[in-house]
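Visitor: I have a model open and would like to learn how to read it. Could you walk me through it, one feature at a time?

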Amino acid sequence: MIEMALVVGLLAITLRTASPLLLASLGETIAERGGILNLGIEGAMLIGAFSGFLGAYFTGSLVVGFITAIIGGILTVLLFGILVIKVNLDQVVSGLAINLLATGLSLYFFRIAFSQGNFPYLGQLIDPMPIPGLSGIPIIGDILFNQTIFVYIGLLSVPLIYWILFKTSFGLRLRSIGEDPFVASYLGINVERTRFISLIVEGIFVGMAGGLLTISMFNTFDTRIVAARGFVAVSIVILGRWNPWGALTGSLLFGFTQALSLWIGTFLVGPAAPSISQLLSLLPYVVTLLALVVGGRKVRGPASLGSPFAKE
Amino acid sequence: MKTNLIILAIVVVAIIGVGAYIAMTSTSPQTTQFRVAAIYVTPIEETWNQVLHQALLRAKTELGISYNYSERVSESQVENVMRQYINSGFNMIITDSWGFWEAADRLAPQFPNVYFAQGSGLNVNFGKNLALFDYYIQEAAFEAGAIAAKITNTSKLGIVTAYSGVGDVNNLLNGFIAGAKHVNPNINVTISYIQSWYDPGAAKVAASALIASGVDVIYSERYGVFEACKEGSNVVALAFGNIVDQNSLAPDVVVGSVTWDLYPMVKTMILGAKNNNFTSGIYYTTMANNGSKFIWNPAFQAKYPAVYNYSLALEAQIKAGNITWVVGNATVPLSVPKFDNP
């Protein structure tokens with residue numbers, strides 16, 4: 001008999017596990033809608049995690065850490081933007097270069113900031129903030145309304161970004177650039193500016209996604225902290241068909257299977273448990289592939305995704 | 001074509017220039033000094049690396065050796081890096097990653113005047129100059145398990161670890177479980193695998209799951225558990241740190257740490273090599289030789305005086321070889337590691 005508290009705990013943890021994926025995939029959805037494939041998201045998350053940790057560590061304020069994480073995210077994505085929009089470099093190559101650069105830079109500055117052998121950590125973390133009134137509702141209160149600020153921001157951003165993308169003229173301009181930047185430019189849309197705005201928004205989300213790893217989930221920094229969550233976010237965007245609601249669905253799927261693979265040990269005992277746990281952690285990737293195979297023929301991403309745009 | 005050649009010429013000149021600069025400015029070391037090089041697969045901030053790095057820094061000041069290291073060396077590069085150190089006259093090469101063991105096994109017989117120490121592996125060519133070591137700290141893990149069994153209120157303990165089926169990690173888990181059962185044969189120990197060597201986010205989730213299922217003391221074999229043991233300022237579970245002293249990371253959660261100290265081993269190796277009586281073969285880090293230690297968090301030591309005294313008595317028993325377990329078909333002292341799945 002599985003206790004109710006375990007199930008509630010599992011679902012609450014699902015949201016918490018999904019939150020970095022949701023924030024990152026929302027940011028990436030916006031960028032890709034404008035035709036920019038940012039594989040440098042893994043590196044931008046790492047810089048977000050690092051700058052968030054530095055800010056919180058040296059000021060003792062988690063709010064400052066939250067802000068510096070966002071700034072770190074924006075600066076990294078903007079650097080990527082300059083490479084692919086201004087210099088017109090290949091998006092895939094630039095993204096991978098940003099990832100390598102982020103690992104090297106963060107370790108370099110980590111060593112400048114902290115003497116070796118000294119293990120810096122934060123004394124406090126951004127903890128769940130129960131919403132008065134709502135958090136008291138049985139079951140749902142524990143799952144939805146006793147979460148960290150990052151979960152709330154992620155969930156509220158889904159309809160907001162949907163509205164921006166599909167109900168505002170900015171969204172229309174961005175999507176038309178994503179389909180064909182040459183036609184959009186011909187129609188008088190400022191492709192560069194619109195794309196830069198979309199990347200700044202992506203930077204905000206990706207910076208938060210990285211920052212939450214070092215100022216909410218864990219209390220120190222390591223260059224491995226992102227653990228491929230950025231790449232997972234890119235596949236969530238595809239799984240979610242470049243739609244914020246799809247990104248939410250994909251993030252929940254990844255979050256749930258990851259949480260379940262970690263919880264399975266408490267339900268399941270015996271020699272098979274480790275293998276089942278490993279199998280579960282594979283599941284979202286299998287689902288992503290299946291979704292692409294089954295639905296992929298009908299769905300296509302923004303037509304200009306990944307291709308450079310240089311005005312004649 | 002012309003541009004390419006010009007760029008090529010610039011790069012070649014730059015390489016030669018830098019090489020010449022290094023050759024002219026690098027000072028040749030004093031020939032009397034014993035020279036040790038360590039090669040790490042990851043940055044030295046990583047805990048395993050820290051243990052060896054700190055030991056060698058201490059050896060530098062206390063034994064007067066010279067110490068150089070290379071980090072982030074991949075398996076494909078390690079042999080070249082080792083040969084570079086050997087060619088420039090280093091006396092001892094310590095390769096500190098499982099993936100390096102074949103290179104150490106291959107090079108040791110070729111360079112009989114150089115000493116090799118390999119951190120974990122399947123080495124067989126020990127000859128007269130190759131040593132093998134690993135974090136054989138199951139004795140300290142056993143002590144942690146016994147302490148956990150003494151302080152739990154629910155008789156449910158948890159372990160958060162990386163992957164199943166890794167022998168040297170299994171050894172620690174076996175130690176912890178055996179220690180817990182030593183105190184209470186009916187105690188329940190649940191192991192949670194996070195399928196990653198480093199993912200504190202996943203470890204935190206795994207620890208939360210254990211806590212939700214009634215576990216109140218967790219052995220944090222990986223990073224990330226301590227953060228799950230506190231909800232706001234409420235301590236909901238206690239934990240044990242691993243490999244290095246992690247007591248200060250979460251002073252109100254971490255009861256103590258299962259630690260590894262490589263200085264005694266490094267000292268034995270270096271002095272042995274200097275005096276021409278180096279012992280090859282496997283080096284066990286044990287409680288008796290101070291390589292394996294349980295370090296109490298002073299706050300918890302004061303909170304549980306009876307358990308603390310019990311742990312001291314237990315340490316004495318372990319050091320005397322009185323605590324045994326079954327490895328394969330043989331009953332052996334706890335200082336012999338046990339690699340099978342827990």
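Visitor: Which strands does helix H3 of chain B lie across?

Guide: In this predicted model, helix H3 (residues 78–87) of chain B lies across S1, S2 and S3 of chain B, at about 160 degrees to S3(B). Axes are lines fitted to C-alpha atoms, for helices over the stretch in contact, and angles run from 0 to 180 degrees between N-to-C directions. Helices (H or I, at least four residues) and strands (E, at least two) are DSSP runs, numbered from the N terminus.

Visitor: What should I know about numbering and confidence?

Guide: Residues are numbered from 1 along each chain as its sequence is written, while chains are lettered from A and ligands numbered from 1 in the order in which they are written. The model is predicted, and local features need pLDDT of at least 70, side-chain atom pairs count only at pLDDT 80 or more, and totals for chains, interfaces and linings use all residues.

Visitor: How many strands form the open sheet, and in what order?

Guide: Strands of a sheet pair through backbone hydrogen bonds, either parallel or antiparallel. Here, six strands of chain B are ordered S2-S1-S3-S4-S5-S13, with parallel pairing. S2 and strand S13 (281–283) of chain B are the edges; each has a single partner strand, so one side of each lacks a neighbour in the sheet. From one strand to the next, the twist averages 20 degrees. Two strands pair if DSSP finds at least two bridges between them; S3(B) and strand S4 (residues 115–119) of chain B are joined by four bridges. There, B:Met92 stands opposite B:Tyr115 in S4(B).

Visitor: Where does H2(B) pack on the sheet?

Guide: H2(B) touches S1, S2 and S3 of chain B, and its direction makes about 155 degrees with that of S2(B). A contact requires C-beta atoms, placed from the backbone, within 7 Å. H2(B) has 17 residues and spans 23 Å from first C-alpha to last, close to the expected 24 Å; the expected span is 1.5 Å times one less than the number of residues.

Visitor: Which residues of H2(B) are buried?

Guide: An α-helix has 3.6 residues a turn, so residues three or four places apart point the same way. Among the buried residues of H2(B) are B:Trp48, B:Leu52, B:Ala55 and B:Ala59. A residue is buried if 20 or more other C-beta atoms lie within 10 Å of its own, exposed if 12 or fewer, and partly exposed in between, with C-beta atoms placed from the backbone. The partners of the buried residues of H2(B) include strand S11 (238–243) and helix H8 (263–274) of chain B. Just after H2(B), B:Gly64 takes a positive phi of about 70 degrees.

Visitor: Where is there a hairpin?

Guide: S15(B) and S16(B) form one, with two residues between them, and B:Gly328 in the turn has a positive phi of about 65 degrees. These strands run antiparallel and are joined by four bridges. B:Val327 stands opposite B:Ala330 in S16(B).

Visitor: How many residues does each chain give to the contact between chains B and A?

Guide: Chain B gives 29 residues and chain A gives 30. On the side of chain B, H7(B) gives the most, with ten residues. That side divides into 14 nonpolar, twelve polar and three charged residues. Ala, Val, Leu, Ile, Met, Phe, Trp, Tyr, Cys and Pro count as nonpolar, Asp, Glu, Lys and Arg as charged, and the others, Gly among them, as polar.

Technical notes: Contact = placed C-beta atoms within 7 Å.
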